[in-house]
Amino acid sequence: VDAAEGAAVAPIVSSLGRSGAHPTCAKALAAFVEVYGSEAGNVALTYVATGGVYVAGGIAPDLLVHAP
């Protein structure tokens, strides 16, 4: 993936991964979603979050469709 100098690469990788236009970006996005979900589970267990774990920020809704 080529990005203009100074451009953020993550949005480009995310966009190409979501669309399936670039297989490597899709694999990177899938790995990120897996790690993101695993860490949310780790936080729930670490802090005994009996009421659940709330994920704030803009990335979770954007990637929700990639959750297993």
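**Exposure and a nonpolar patch in a predicted model**

Me: Where is the place of Thr24?

Reply: Thr24 has its place in helix α2, helices being DSSP runs of H or I with at least four residues, and strands runs of E with at least two, numbered from the N terminus. This is a predicted model, in which local features need pLDDT of at least 70 and side-chain atom pairs count only at pLDDT 80 or more, while totals for chains, interfaces and linings use all residues. Residues are numbered from 1 along each chain as its sequence is written, and side-chain values use heavy atoms, with hydrogens and water left out.

Me: Why is Thr24 called exposed?

Reply: Exposed means over 50% relative accessible area, buried under 20%, and partly exposed in between, with a 1.4 Å probe and protein chains only; Thr24 has 53%, and therefore counts as exposed.

Me: What makes Val43 partly exposed?

Reply: Val43, which lies in helix α2, has a relative accessibility of 31%, and so counts as partly exposed.

Me: Which residues form the nonpolar patch on the surface?

Reply: Phe32, Tyr36, Val43, Tyr47, Val53, Val55 and Ile59 form the patch, with about 610 Å² of accessible area together, by the Shrake-Rupley method with a 1.4 Å probe, where for residues only the protein chains shown count as cover. Patch residues have over 30% relative accessible area and no salt bridge, with nonpolar side chains (Val, Leu, Ile, Met, Phe, Trp, Tyr) joined within 5 Å and like charges within 9 Å; a salt bridge is a side-chain nitrogen of Lys or Arg within 4 Å of a carboxyl oxygen of Asp or Glu. Helix α2 (residues 23-46) gives the largest share of the patch, three residues.
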